[in-house]
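Dear colleague,

I am handing over the structure we spoke about, and below it you will find what came out of going through it. Please read the notes with the structure open beside them.

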Amino acid sequence: MSTAAYPGKCFAVDIMLGKLAKWLRVLGFDAPSMPLDDRVRIDALLCEGIIPVTRREIFRDIEGVLFIRNDHQLDQLKELISSLSIGIDELRPFSRCSLCNAGLFQIPREAAFGAVPDYVLETASDFRMCPECSRVYWPGSHRQKMFDELESVTGWDLREGG
Ligand SMILES: [Zn+2]
């Protein structure tokens with residue numbers, strides 16, 4: 001995983017907040033999941049400038065830790081965005097694999113053959129692949145549905161092509 005050129009916020013998301021981590025990756029943030037269960041690890045992350053995101057009460061009052069109060073994944077995302085005053089210019093939607101957290105790279109249409117449905121191969125123009133799990137991403141109805149959900153939470157205009 002290469003994040004050397006990544007200029008955005010880095011998170012370490014507690015394993016208990018897997019769905020929130022996935023949303024952060026969809027938005028393009030570096031957000032690996034890991035068990036955040038000891039203070040040494042929390043302190044090490046803070047030293048590296050990484051924001052630990054957790055619901056564990058024992059870490060609630062540590063400066064720099066983002067303690068999440070909400071139960072629902074999209075409410076949690078909204079809470080995180082407003083707590084950190086994240087702006088739309090910080091987003092790189094669909095630049096990262098939502099499962100692995102790895103940065104996606106663009107592939108030619110021919111390389112997507114067999115990895116996406118035929119109608120997608122014919123109609124989509126932008127294909128990206130995850131270097132870790134080889135999953136192929138493309139603009140489409142699923143992606144638009146996620147954008148719609150994000151817009152309802154954030155008020156951001158994330159329309160495709162924009
Ligand atoms: Zn992946």
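The radius of gyration used here is taken over C-alpha atoms, and the globule rule it is set against is 2.2 Å times the number of residues to the power 0.38. By that rule, a compact globule of 162 residues would have a radius of gyration near 15 Å, and the chain, at 17 Å, agrees with this. Please bear in mind throughout that this is a predicted model.

On the overall dimensions, the C-alpha trace of the chain spans about 50 × 30 × 25 Å along its principal axes. Buried residues account for 23% of the 162 residues in the chain, and, among the contacts with a separation of 6 or more, 47% are between residues 24 or more positions apart.

As for secondary structure, the chain contains 6 helices and 7 strands, which follow one another along the sequence in the pattern β-α-β-α-β-β-α-β-α-α-β-β-α. An open sheet is formed by 4 strands in the order β2-β1-β3-β4, with parallel pairing; its edge strands, each of which pairs on one side only, are β2 (33–34) and β4 (66–67). Strand β1 (residues 11–14) pairs with β2 in the parallel sense over 2 bridges, and Val-13 stands opposite Ser-33 in β2.

How are the domains of the chain assigned? The assignment gives domain 1 (11–90) and domain 2 (105–154), and the centres of domain 1 and domain 2, taken over C-alpha atoms, are separated by 26 Å. Where the domains touch, 5 residues of domain 1 are in contact with 4 residues of domain 2. On the side of domain 1 that touches domain 2, helix α3 (residues 73–83) gives the most, with 4 residues; by class, that side of domain 1 has 4 nonpolar, no polar and 1 charged residues.

Just after α6, Gly-155 takes a positive phi of about 80°.

With best regards

Methods. Residues are numbered from 1 along each chain as its sequence is written. This is a predicted model: local features need pLDDT of at least 70, side-chain atom pairs count only at pLDDT 80 or more; totals for chains, interfaces and linings use all residues. Two strands pair if DSSP finds at least two bridges between them. A residue is buried if 20 or more other C-beta atoms lie within 10 Å of its own, exposed if 12 or fewer, and partly exposed in between; C-beta atoms are placed from the backbone. Two residues are in contact if their C-beta atoms, placed from the backbone, lie within 7 Å. Domain bounds come from an automatic or database domain assignment. Ala, Val, Leu, Ile, Met, Phe, Trp, Tyr, Cys and Pro count as nonpolar, Asp, Glu, Lys and Arg as charged, and the others, Gly among them, as polar.
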